[in-house]
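Visitor: I've got a few "how do you know that" questions about this one. Could you walk me through the labels and show what stands behind each?

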Amino acid sequence: IRTKKAIKHQCEEHQEELKLFCQTDKKLICVICAAGREHKSHSFMPVDEAVETYKEQVKSSFETLTEKKSEMQEIEQKQRESISGVQEASRNLQSQTTSQ
């Protein structure tokens with residue numbers, strides 16, 4: 001049985017575990033960074049919450065894109081059929097004009 005082993009990323013500056021997600025900067029930070037000047041007025045959430053939040057957003061975006069792809073494929077098919085019809089009509093006209 002395989003178990004997922006969490007990879008613990010560390011802050012390059014403080015060598016602390018990256019436990020927070022800075023929503024303002026859209027990056028993982030440690031608790032020391034969160035208390036510092038650079039992130040003073042920023043919004044944070046625990047990494048686990050951020051994962052769930054962004055997972056839902058990505059899933060929703062993926063579903064929307066999948067729907068749009070299907071719509072575009074239908075439009076493409078209709079265009080191909082239309083092009084084939086025009087090509088067939090063109091061939092018919094050519095053969096009519098050459099036979100006259």
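Predicted model: local features only at pLDDT ≥ 70, side-chain atom pairs only at ≥ 80, totals over all residues.

Visitor: Why is K40 called exposed?

Guide: K40 has a relative accessible area of 69%, and exposed means over 50%, so K40 is exposed. You'll find K40 in the loop between α1 and β3 (44–46).

Visitor: What makes a stretch a helix or a strand here?

Guide: Both are DSSP runs, numbered from the N terminus: helices are H or I with at least four residues, strands are E with at least two. On that basis the chain has two helices and three strands, and along the sequence they come in the pattern β-β-α-β-α.

Visitor: Why is K26 called exposed?

Guide: The value for K26 is 51% and the cut-off is over 50%, so K26 counts as exposed. K26 belongs to the loop between β1 and β2 (27–29). Its phi is positive, about 55°, although K26 is not a glycine. Apart from residues up to four places away in sequence, K26 touches F21 and Y54. H14 is 12 residues from K26 in sequence and 19 Å from it, C-alpha to C-alpha.

Visitor: And what makes Q15 partly exposed?

Guide: Q15 has 48%, and partly exposed is the range between the buried and exposed cut-offs, so that is the label Q15 gets. Q15 is in the segment before β1. Phi of Q15 is near 55°, again a positive value in a residue other than glycine.

Visitor: How do you know that C30 is buried?

Guide: Its relative accessible area is 0% against a limit of under 20%, so C30 is buried. C30 lies in the loop between β2 and α1. Beyond its neighbours within four places in sequence, C30 contacts C11, H14, E16, E17, L18, K19 and L20.

Visitor: What makes a set of residues a nonpolar core?

Guide: The members must be buried Ala, Val, Leu, Ile, Met, Phe, Trp, Tyr or Cys, joined through side-chain atoms within 4.5 Å. The largest such core has eight residues, C11, L18, L20, C22, I29, C30, C33 and A34. At least two of its residues come from β1 (20–22), and at least two from α1 (31–35). L20 touches residues including I29, C30 and A34, with those up to four places away in sequence not counted.

Visitor: How does the radius of gyration of the chain compare with that of a compact globule?

Guide: The radius is taken over C-alpha atoms, and the globule rule is 2.2 Å times the number of residues to the power 0.38. A compact globule of 100 residues would be near 13 Å, but the chain has 28 Å. The C-alpha trace spans about 90 × 45 × 20 Å along its principal axes. Buried residues make up 13% of the 100 residues.

Visitor: What share of the contacts links residues 24 or more positions apart?

Guide: Among contacts with a separation of 6 or more, such pairs account for 19%.

Terms used. Residues numbered from 1 in each chain as written. Heavy atoms only, no water. Buried < 20%, exposed > 50% of the residue type's maximum accessible area, 1.4 Å probe, protein only. Contact = heavy atoms within 4.5 Å.
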